[in-house]
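Please look over the following protein.

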Amino acid sequence: MNTEKKFYEMSLDERLSLVASKSNLTKNEISTVVNQPLPFDKIDRMVENAVGSFSLPLGIATNFVINGKEYLVPMAIEEPSVIAAASHAAKLAKSSGGFKASAESSIMRGQIQVTNLLDIKKAIQVISKNKESLLRTVNSISNNVKALDLKTRIVENEIDGTKMLAAELYVDCKDSMGANTINSMCELLGPEIEQKTSGKVILKILSNYATERIATSKATFKKEELGGTDIVDRILSAFAFAFSDTYRAVTHNKGIMNGIDAVSIATGQDFRAIEAAAHAYASRDGKYRSLTTFSKSSNGDLVGRIEIPLSVGIVGGISTVHLVARMGLKILGVKSASELACVIASAGLAQNLAAIKALSTEGIQKGHMKLHAKNIAVAAGATGKLVDIVSERMYKQSKISLNSARRILQDLRHSRDRSS
């Protein structure tokens, strides 16, 4: 009989010990980082008009095996059930070998907008003719991040029907997200392109639509572990709904981003850029669709796949100053930005599978509301063991509300007073 504790059954001290044993951090280091607020002098340098910090719960998703490697996945999120759901789906995938993921390219685009061109074709020729010297100019900025190509694209102004030119740098960001370097490159190149083309350069900035930086993850979920053929068919029907209907697809993809954003925040990534790119990619064929696909294997198992643009980094950015983000990367133990992208994509797929499995069967509220009841109990004033008692009674009575929690808490206190 396996008596080993599940992660969720462990005390805080036991959880920290386990995480420490799996990473290059000690239990004391992890505890200090998690429980110590970011010093105000750092906050004051990070944002303007600083008054404090806003924290999110930080948890660990378990059971993840990606490309044969086991991971403890840090997730920062305030929504109940997300971490448990991702861990459950990862366990289902683990029995079939886990997730097979890839993120091979680290190319990003920088864009220089050129307007007021008298001869746009001539401007294209001028940029093409001077491409090598322009690339040498921008590559003087960084020893690591390098611009590999400079291309041009005519963009029609859909407001007034005129045409503008987008000069686009293709930059290999390697293990960084690359935003600051690319923006610097574009700003350096802008005046030179303006002078050579006799046009007017307006914007000089990267594109967050990272279509050259695609991450994929795939996993097989055994029909027996999902609950049988009927559950597989129900999940496939739910996927078809999300693929075919925009209203459903938005909520479907929101569930995916629950996993992706949570890992991204916990590791100091620009989750807003990741969100924007993901939703644009979901619309790439002209209609907003699911970022995941599901199909049935030859033996009736469920096969899930995600494909998503992911611009992430493990060097530079917020992780250099935010201790929790730095700790998140160390807990994962990723050695490259592409490995991090594989983890994040897999978390998105896991979260999506768990969500549509729940939606296709008992409904999502059963597990979600059980966890939400604890928040309501705390809001009503419950502390310690009373939180579990109040939340459990509300759940059994199917009355999860602040008034219900207050009534139960009052009854418990009256009973305690009478017995004392």
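In this predicted model, the buried residues of helix 11 pack against strand 8 (214-221), helix 10 and strand 10 (302-309). Those buried residues are Ala273, Ile274, Glu275, Ala277, Ala278, Tyr281 and Ala282. Helix 11 covers residues 271-282. The points below start with this helix and go on to other parts of the protein.

**Helices 11 and 13**

- Helix 11 has 12 residues, which should span 16 Å at 1.5 Å a residue; the C-alpha atoms at its ends are 16 Å apart, so the two values agree.
- Helix 13 runs over residues 337-360 and has 24 residues.
- From first C-alpha to last, helix 13 reaches 35 Å, close to the 34 Å expected at 1.5 Å a residue.
- How many residues of helix 13 are buried? The number is 22 of the 24, so helix 13 is largely enclosed by the rest of the structure.

**The protein as a whole**

- The protein has 16 helices and 10 strands.
- Of its 420 residues, 47% count as buried.
- Along the principal axes, the C-alpha atoms fill a box of roughly 90 × 55 × 45 Å.
- Take the contacts between residues at least 6 apart in sequence: 70% of them join residues at least 24 apart.

**The second largest pocket**

- About 1,500 Å³ of space lies in the second largest pocket.
- Its lining is made up of 48 residues, and those nearest the centre of the pocket are Met46, Gly268, Ile318, His322 and Ala325.
- By type, the lining residues divide into 25 nonpolar, 19 polar and four charged.
- Which helices each supply at least two residues of this lining? They are helix 2 (27-35), helix 3 (40-46), helix 7 (179-197), helix 10 (246-266), helix 11 (271-282) and helix 12 (323-332).

**Two buried leucines**

- Leu310 is placed in the loop between strand 10 and helix 12.
- Leu310 counts as buried because its relative accessibility is 2%, and the cut-off for buried is under 20%.
- Leaving aside neighbours within four places in sequence, Leu310 is in contact with Arg213, Ala215, Ile260, Ile274, Ala341, Ile344 and Ala345. One of these, Ile274, is also among the buried residues of helix 11.
- Leu310 and Ile344 are 34 residues apart in sequence, and their C-alpha atoms are 8.4 Å apart in space.
- Leu226 belongs to helix 8, residues 223-226.
- With a relative accessibility of 5%, Leu226 counts as buried too.
- Beyond its neighbours within four places in sequence, Leu226 is in contact with Leu92, Phe221, Ile231, Val232, Ile235, Leu302, Leu353 and Lys357.
- Leu226 and Ala89 are 137 residues apart in sequence, yet 9.6 Å apart in space from C-alpha to C-alpha.

- Most residues other than glycine have a negative phi.
- Asn49 has a phi near 55°, a positive value in a residue other than glycine.
- Asn49 lies in the loop between helix 3 and strand 1 (58-66).
- Is Asn49 buried or exposed? Asn49 is exposed, with a relative accessible area of 74%; the cut-off for exposed is over 50%.
- Asn67 also has a positive phi, near 50°, and is a residue other than glycine.
- The loop between strand 1 and strand 2 (69-76) holds Asn67.
- Asn67 counts as partly exposed, because its relative accessibility is 44%, which falls between the cut-offs of 20% and 50%.

**Cysteines**

- How many disulfides does the structure hold? The structure holds zero disulfides.
- Cys186 is in no disulfide, and the nearest cysteine sulfur, that of Cys173, is 11 Å away.
- Cys186 counts as buried, at 0% relative accessibility.
- Cys342 is in no disulfide; its nearest cysteine sulfur is that of Cys173, 17 Å away.
- Cys342 counts as buried, with a relative accessibility of 7%.

Notes
Residues numbered from 1 in each chain as written. Predicted model: local features only at pLDDT ≥ 70, side-chain atom pairs only at ≥ 80, totals over all residues. Heavy atoms only, no water. Disulfide = S-S within 2.5 Å. Buried < 20%, exposed > 50% of the residue type's maximum accessible area, 1.4 Å probe, protein only. 1 Å grid on protein atoms, 1.4 Å probe; cavity = no way out; pocket = protein on both sides within 12 Å on 5 of 7 lines; lining within 4 Å. Points joined across faces, edges and corners; volume = space filled by probe spheres on them. Helix = DSSP H or I, 4+ residues; strand = E, 2+ residues; numbered from the N terminus. Nonpolar A, V, L, I, M, F, W, Y, C, P; charged D, E, K, R; others polar. Expected span 1.5 Å × (residues − 1). Contact = heavy atoms within 4.5 Å.
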